[in-house]
Amino acid sequence: MAQKIIFTDTPARALTEQLDELGCKGALTIITDSNTRRDCLPLISGDSRIDGAGVIELEPGDDNKSLTSLSEIWNYLCCHGATRHSVIVNLGGGMITDIGGFAAATFKRGVRFINVPTSLLAAIDAAVGGKTGINFNGLKNEIGSFAPACSVIVSSAFYGTLPRTELLSGYGEVLKHALLDSPEALGQALEFDLSEADPALLSGILENSVGVKRRIVAEDPFEHGLRRSLNLGHTAAHAFESLAMEAGRTEPHGIAVAHGIVVDLVLSHLNLGFPSDTLQAVASFVRENYPAPAFDCKDYPRLIEFMQHDKKNTSPDAINFTLLRKPGDVQTDCIVSPEQIKVAFDIARDLLGV
Ligand SMILES: NC(=O)c1ccc[n+]([C@@H]2O[C@H](COP(=O)([O-])OP(=O)(O)OC[C@H]3O[C@@H](n4cnc5c(N)ncnc54)[C@H](O)[C@@H]3O)[C@@H](O)[C@H]2O)c1
Ligand SMILES: [Zn+2]
């Protein structure tokens, strides 16, 4: 599933070139949310096919990655005479690339689409790798398909308007990819000054980070083995997100991942001898740049319950983690006991200064 990924400072030009390559003469629909329509659409204008395109604008927020929005997109495409030869451009964060990709994959059994991720998280994760879908029945990503975009145009030109929380959230996945890659990639990720977020430096980190996901997905597109390494930090992160949701708070995914990574590195240290100085360095970076995690020991039983219901487990007694021996040396499918997870929570909270 080779996917074309273009890194550019000039996304408008890159998009024009991709439309030319697809032989797209018009019949173009751009899917946005109200933020990306306002802040990002002007950055891809200039080509008559873009300026004359139909624009679908969804409400922002993951609640709108829904069947209702999906049907709104299908309806629009039907009413505006879209055909199998039409092209869809998904311009937005992961919410838009997920639902837009799924709408494209299912309309008339599949029309071609280009992803233009505008958030850091979408650029390094959601928009690459071919997973698309919607939330359904209160469950995240319950309905979906594997459907790669024809191309993905990645540009830090969009991040000037990205809210800081969203930048931090995307950077949680950057940390994960760096840990899966190598000690050098981790060193580079930890040196980056998130308070300044220099776009030129970020572009380099972004390119390496996308490369890590791309290599893993190319080797295991349908998640039979290696792709599960991308779950690093995610068993705990999903439990933190569920706890937040239950309490009526929203926890941006990548912020939960940053906290989850610290828990997983503690478990990696306890079980696989992950070096303690590297664990301390990652934990300090998270403590200095991220909000503190909002859980205490009273929440442990509930967090463990959430983990026991994780899709990745083979049975509720066997909670499944992706762990590391060292940066770049990954071990998937590690089973960890609830007792040890509680110990890891204690240590992680201590390291995060909670
Ligand atoms: N398909 C996959 O493999 C995969 C992987 C990871 C996450 N996801 C999905 O991605 C989604 C999360 O992605 P996200 O964090 O990008 O969320 P998002 O798309 O909801 O974007 C977050 C917020 O930032 C705004 N925004 C985005 N780009 C902007 C910009 N340049 N300027 C101003 N505002 C901007 C959006 O309008 C939104 O309010 C979730 O639905 C998650 O399930 C999918
Ligand atoms: Zn993630």
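Six strands come together in an open sheet, arranged in the order S1-S8-S5-S4-S2-S3, and their pairing is parallel. At the edges lie strand S1 (4–7) and strand S3, each of which pairs on one side only. From one strand to the next, the twist averages 20°. This description, like everything that follows, concerns a predicted model.

Helix H5 packs on this sheet, where it touches S2, S4 and strand S5 (112–117). The direction of H5 makes about 165° with that of S4.

## Strand S2 and its neighbours

Strand S2 covers residues 28–33 and is joined to a strand on each side in the sheet order, S4 and S3. Four bridges link S2 to strand S4 (residues 87–92), and the two strands run parallel. Within this pairing, Thr 29 has Ile 88 of S4 as its bridge partner. Towards strand S3 (residues 54–58) there are five bridges, again in a parallel arrangement. Here Ile 30 stands opposite Val 55.

Is S2 buried or exposed? Six of its six residues are buried, so the strand is largely enclosed by the rest of the structure. Burial in this sense requires 20 or more other C-beta atoms within 10 Å of a residue's own. Both faces of S2 are covered. On one side, Leu 28, Ile 30 and Thr 32 are buried; on the other, Thr 29, Ile 31 and Asp 33 are buried as well.

## The surroundings of ligand 1

How many residues surround ligand 1? The shell holds 30 residues, and the closest are Asn 35, Gly 93, Gly 94, Met 95 and Ser 119. Several elements give two or more residues to this shell: helix H2 (34–39), helix H5 (94–106), helix H6 (120–126), strand S7 (139–146) and helix H7.

By class, the shell around ligand 1 comprises nine nonpolar, 12 polar and nine charged residues.

## The packing of H7 and H9

Helix H7 (residues 164–181) packs with helix H9 (residues 199–219) at an angle of about 65°, and their axes are 9 Å apart. The crossing of H7 past H9 is left-handed.

On the H7 side, the contact is made by Val 174, His 177, Ala 178, Leu 180 and Asp 181. H9 contributes Ile 205, Ser 209, Val 212 and Lys 213. Sorted by class, this contact has five nonpolar, two polar and two charged residues.

Conventions:
Residues numbered from 1 in each chain as written. Chains lettered and ligands numbered in written order. Predicted model: local features only at pLDDT ≥ 70, side-chain atom pairs only at ≥ 80, totals over all residues. Axes fitted to C-alpha atoms, helices over the stretch in contact; angles between N-to-C directions. Left-handed = near helix turned anticlockwise from the far one by under 90°. Contact = placed C-beta atoms within 7 Å. Nonpolar A, V, L, I, M, F, W, Y, C, P; charged D, E, K, R; others polar. Near = placed C-beta within 6 Å. Buried ≥ 20, exposed ≤ 12 C-beta atoms within 10 Å, placed from the backbone. Pairing = 2+ DSSP bridges.
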